[in-house]
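Please open the model in your viewer and keep the selection tool at hand. The tour goes from the whole chain to single residues.

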Amino acid sequence: MTEFVSERATRRRATLIGGGAVLLWGTLAPLTVWTAGIPPFQLVAMAFAAAVALTAAMGAIRRRPPAAFFRHPPAAWMLGVGGLFGFHFFLFVALRTAPAVEANLINYLWP
């Protein structure tokens, strides 16, 4: 019986996390349009700062040492952070310079 409850709790948690990810993903374009006064580079930096702060807080709550987050090689960090930073920077530039609906449609067409 406890395995069944544990499995249900795990599925519920996974579903909530997935739903939260979809909600954040779906609100990226409207939030970008609403922040029209902030330059794209600064907007990406602020978003990454918030992500780092939330990750650090979660690590502190779970009592994980900060070094545990840096176990990947530097090349993986450069590719991952650089790729995400570049993608969001150019997405924010596109949403600022083109009509948001068309730019977002093109963004969602990439494979």
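**Before selecting anything**

This is a predicted model, in which local features need pLDDT of at least 70 and side-chain atom pairs count only at pLDDT 80 or more, while totals for chains, interfaces and linings use all residues. Residues are numbered from 1 along each chain as its sequence is written, and side-chain values use heavy atoms, with hydrogens and water left out.

**Whole chain**

Show the chain as a cartoon. The chain has 5 helices and 0 strands, where helices (H or I, at least four residues) and strands (E, at least two) are DSSP runs numbered from the N terminus. From the N terminus on, the order of elements reads α-α-α-α-α.

Along its principal axes, the C-alpha trace spans about 55 × 30 × 25 Å. The radius of gyration of the chain is 18 Å, whereas a compact globule of 111 residues would have one near 13 Å; the radius is taken over C-alpha atoms, and the globule rule is 2.2 Å times the number of residues to the power 0.38.

Of the 111 residues, 11% are buried (buried is under 20% relative accessible area, exposed over 50%, partly exposed in between; 1.4 Å probe, protein chains only).

Among contacts (heavy atoms within 4.5 Å) with a separation of 6 or more, 70% come from residues 24 or more positions apart.

**Helix 5**

Select residues 100-109, which form helix 5, and look for A103, N104 and N107, which are buried. Seen down the helix axis, the buried residues fall within an arc of 95°, so they line one face of helix 5; the arc is that of the directions from the helix axis to the C-beta atoms. An α-helix has 3.6 residues a turn, so residues three or four places apart point the same way.

What do the buried residues of helix 5 pack against? They pack against helix 2 (28-34) and helix 4 (74-97). Turn to the face away from the buried side to find the exposed residues V101, L105, I106 and L109.

Next, pick N104, which is buried with a relative accessible area of 16%. Leaving out residues up to four places away in sequence, N104 touches A29 and L95.

**Aromatic rings**

Show the side chains of Phe, Tyr and Trp: their rings (the six-membered one for Trp) pair if the centres lie within 6.5 Å, with planes under 30 degrees apart counted as stacked, over 60 as edge-to-face and the rest as tilted. The count comes to 5 aromatic pairs.

Select W25 and Y108, whose ring centres are 4.9 Å apart with planes at 55°, so the pair is tilted. This pair links distant parts of the chain, with W25 in helix 1 (residues 2-26) and Y108 in helix 5, 83 residues apart. Y108 is partly exposed, at 35% relative accessibility.

Move to F41 and F89, with ring centres 6.1 Å apart and planes at 75°, so this pair is edge-to-face. F41 lies in helix 3 (residues 40-61) and F89 in helix 4, so the pair ties together parts 48 residues apart in sequence. F41 is exposed at 53% relative accessibility, and F89 is partly exposed at 23%.

**Last stop**

Select G86, found in helix 4. Is G86 buried or partly exposed? G86 counts as partly exposed, at 21% relative accessibility. To finish, draw a C-alpha to C-alpha line from G86 to L16: the two are 70 residues apart in sequence and 28 Å apart in space.
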